[in-house]
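Hello,

Here is the structure I promised to pass on. Please have a look at it first, and then read my notes below.

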Amino acid sequence: MQYTLDFILIVTLCLAAVTGWIINILGMPGNWLLVAMSAGLYWLAAPEKAVHIGLMPLSLVVAVTILGELLEFAASALGANRLGASKRATMLAVAGSVVGAIAGLLAGSIIPIPIVGQLIGSLLLGGAGAALGAVSGERWAGKSWDDSFQVGHAAFWGRLLGTVGKAVCGTVALIVFLIAIFSA
């Protein structure tokens with residue numbers, strides 16, 4: 001009976017961890033879900049249990065999650081804000097990137113490679129949504145089309161590079177988490 005419960009717990013944790021990794025692409029804090037699960041297993045599960053995470057894997061998951069957040073923030077800051085984007089453009093770029101990422105997740109299903117198609121669609125349309133939001137915000141603030149497109153271009157690349165950097169860190173966190181729960 002205990003082995004069945006351990007198996008169900010491990011499968012549930014694996015599915016939740018992969019879900020956390022996937023929602024990173026949507027611009028949501030999926031890496032922090034991995035941190036929460038790791039911390040919960042560290043503090044709540046006894047070390048002699050089948051599913052437990054030690055201090056070293058927990059520290060690694062926290063460290064790469066913080067690194068991913070810093071990379072995402074740096075890429076965004078070097079994007080549209082470097083060109084003097086208005087607060088309106090920045091807010092609309094964030095909203096547009098989330099809407100675009102969700103639309104890309106749905107539209108990505110037309111790419112015939114399962115999961116990969118959705119991730120590519122979400123990544124590209126998330127960037128396009130950030131660009132559209134930034135251009136709209138700059139036009140709303142009275143900037144010229146040329147200036148608005150430059151800010152939109154920077155917002156696209158900032159969103160794309162930030163998301164990729166965060167996803168790479170999330171992949172490392174996911175691998176550390178999975179190794180830790182399977183080696184317990």
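To read the notes on accessibility, take buried as under 20% relative accessible area, exposed as over 50% and partly exposed as in between (1.4 Å probe, protein chains only). Leu-78 counts as exposed because its relative accessibility is 56%.

Please keep in mind that this is a predicted model, in which local features need pLDDT of at least 70 and side-chain atom pairs count only at pLDDT 80 or more, while totals for chains, interfaces and linings use all residues. Residues are numbered from 1 along each chain as its sequence is written, and side-chain values use heavy atoms, with hydrogens and water left out.

On confidence: pLDDT is the predictor's confidence in each residue, from 0 to 100. The protein chain has an average of 85, and 96% of the residues score at least 70. Helices here are DSSP runs (H or I, at least four residues), numbered from the N terminus. Helix H1 (residues 2-25) has the lowest confidence, with a mean of 82, and helix H6 (residues 145-182) the highest, at 91.

Back to Leu-78, which lies in helix H3.

Ser-38, in helix H2 (residues 30-44), is buried because its relative accessible area is 1%. A polar atom of the Ser-38 side chain lies 2.8 Å from the backbone oxygen of Leu-34. With neighbours within four places in sequence left aside, Ser-38 is in contact (heavy atoms within 4.5 Å) with Ile-53, Leu-58, Val-61 and Phe-177.

The other is Glu-138, in helix H5 (residues 116-140); with a relative accessible area of 0%, Glu-138 is buried too. Its contacts beyond four places in sequence include Gly-84, Ala-89, Lys-143 and Val-151. As for H5, its 25 residues reach 36 Å from first C-alpha to last, close to the 36 Å expected at 1.5 Å a residue (1.5 Å times one less than the number of residues). Just after H5, Gly-142 has a positive phi of about 90°.

Finally, the pocket: on a 1 Å grid over the protein atoms alone, a pocket is an open set of points with protein on both sides within 12 Å along at least five of seven lines, and lining residues have an atom within 4 Å of a point. The largest pocket holds about 420 Å³ of space. Its lining has 20 residues, and Ser-76, Ala-93, Val-94, Ser-97 and Arg-159 are the closest to its centre. H6 gives the largest share of the lining, 6 residues.

Best wishes

Note on methods:
Helix = DSSP H or I, 4+ residues; strand = E, 2+ residues; numbered from the N terminus. Polar contact = N/O pair within 3.5 Å; in protein donor to acceptor, adjacent residues only side chain to side chain. 1 Å grid on protein atoms, 1.4 Å probe; cavity = no way out; pocket = protein on both sides within 12 Å on 5 of 7 lines; lining within 4 Å. Points joined across faces, edges and corners; volume = space filled by probe spheres on them.
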